[in-house]
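Subject: Structure for your review

Dear colleague,

Please find below the structure that I am handing over to you.

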Amino acid sequence: IVPAGDGWDVEIVAFEPTQIKSVDNVGTFNPNDARIYQQRMDRGPRGSLALPAGGFGNGDTIIRLYETADLSTVIHESAHYFLSVMQDLASKGEASASSGVKEAAFWWRENAAAVAKDGQKVTGTVITETDVLAVLDNGTTGDVAKDAAVDVGQQEQFARGFEAYLMEGKAPSAELRSAFEKFRAWLIAVYRSLVNLNVKVSDDI
């Protein structure tokens, strides 16, 4: 995690060309293309997540916090990371992760219009509820740009849904409760690891 803002000297080193992208890049994760998500607001991005270009286990995953970051930013970006890891494990046949992805997909189907709205807002690519359902049913719309936009919409819905879960104690759907409970347990484990490592964590974090 690299805090960035007034009074900080920040040096970011890119080890691979695929790790250098424009701030508006959203991409679609694959072994040859690093994905960068951003939590944005009117005053600019609050945070971003960069996944390793070589896939999980083959590089660093970096969460960046910007000057406009607030208390929700780490949670929001961590939710992107958790979902991406869960999808990666599901693609390899891991049972628990596969169950979590199915739970998320059921929720995305019920909220396909909201997924499309988020995806279009972030990427600028026009997508519809029908496109979201096509990805859920067939794995693709047949258009790479639309597929990427649907993926971003799904990610944003998941991240904001988890933020709401932590604030309200209620998952946005019964299907997502299990996945969100696992994510919450993971965050607690991360916090305990920091404490055991004698890392100084601010009161806000």
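K146 has a relative accessibility of 28% and counts as partly exposed; buried means under 20% relative accessible area, exposed over 50%, and partly exposed in between, with a 1.4 Å probe and protein chains only. This is a predicted model, in which local features need pLDDT of at least 70 and side-chain atom pairs count only at pLDDT 80 or more, while totals for chains, interfaces and linings use all residues. Residues are numbered from 1 along each chain as its sequence is written, and side-chain values use heavy atoms, with hydrogens and water left out.

Salt bridges

K146 is the partner of D131 in a salt bridge whose closest N and O atoms are 3.9 Å apart; the criterion is a side-chain nitrogen of Lys or Arg within 4 Å of a carboxyl oxygen of Asp or Glu. D131 belongs to helix α4 and K146 to helix α5, so that distant parts of the chain, 15 residues apart, are linked. Helices (H or I, at least four residues) and strands (E, at least two) are DSSP runs, numbered from the N terminus. In contrast to K146, which is partly exposed, D131 is buried at 11% relative accessibility.

The whole structure contains 4 salt bridges. One of them joins D137 to R109, with the closest N and O atoms 2.6 Å apart. Because D137 lies in helix α4 and R109 in helix α2, this pair ties together parts that are 28 residues apart in sequence. R109 is partly exposed, at a relative accessible area of 36%. Another is formed by the side chains of R160 and D118, at 2.9 Å from N to O. Here helix α5, which holds R160, is linked to helix α3, which holds D118, across 42 residues of the chain. R160 is partly exposed at 40% relative accessibility, whereas D118 is buried at 9%.

Overall organisation and confidence

The protein chain comprises 6 helices and 4 strands, arranged along the sequence as β-β-β-β-α-α-α-α-α-α. Of its 205 residues, 37% count as buried. The accessible surface comes to about 11700 Å², 52% of it belonging to carbon and sulfur atoms; areas were computed by the Shrake-Rupley method with a 1.4 Å probe, and for residues only the protein chains shown count as cover. Among contacts (heavy atoms within 4.5 Å) between residues at least 6 apart in sequence, 50% join residues at least 24 apart.

The mean pLDDT of the chain, that is, the predictor's confidence in each residue from 0 to 100, is 75, and 69% of the residues reach 70 or more. The pLDDT is below 50 over residues 7–35, a stretch that has 50 contacts in the model beyond near neighbours in sequence.

Nonpolar cores

A nonpolar core is a set of buried Ala, Val, Leu, Ile, Met, Phe, Trp, Tyr and Cys residues joined through side-chain atoms within 4.5 Å. The largest has 26 residues, of which W108, F158, L176 and F180 touch the most other members. At least two of its residues come from each of α1 (73–91), α2 (95–110), α3 (112–123), α4 (129–138), α5 (144–168) and α6 (177–196). The greatest contribution is that of α5, with 6 residues. A second, separate core has 6 residues, among them L49, F56, L65 and V85.

Apart from neighbours within four places in sequence, F180 is in contact with F158, G161, F162, Y165, A171 and P172.

Individual sites

Q154 is located in helix α5 and is buried, at 5% relative accessibility. Residues up to four places away in sequence aside, Q154 touches L83, W108, V115, V135 and L136.

R177, in helix α6, is partly exposed with a relative accessible area of 41%. Its C-alpha atom is separated by 9.7 Å from that of F162, 15 residues apart along the chain.

The 19 residues of α1 should span 27 Å at 1.5 Å a residue, and the end C-alpha atoms are 27 Å apart, which agrees; the expected span is 1.5 Å times one less than the number of residues. Just after α1, G93 adopts a positive phi of about 90 degrees.

With kind regards
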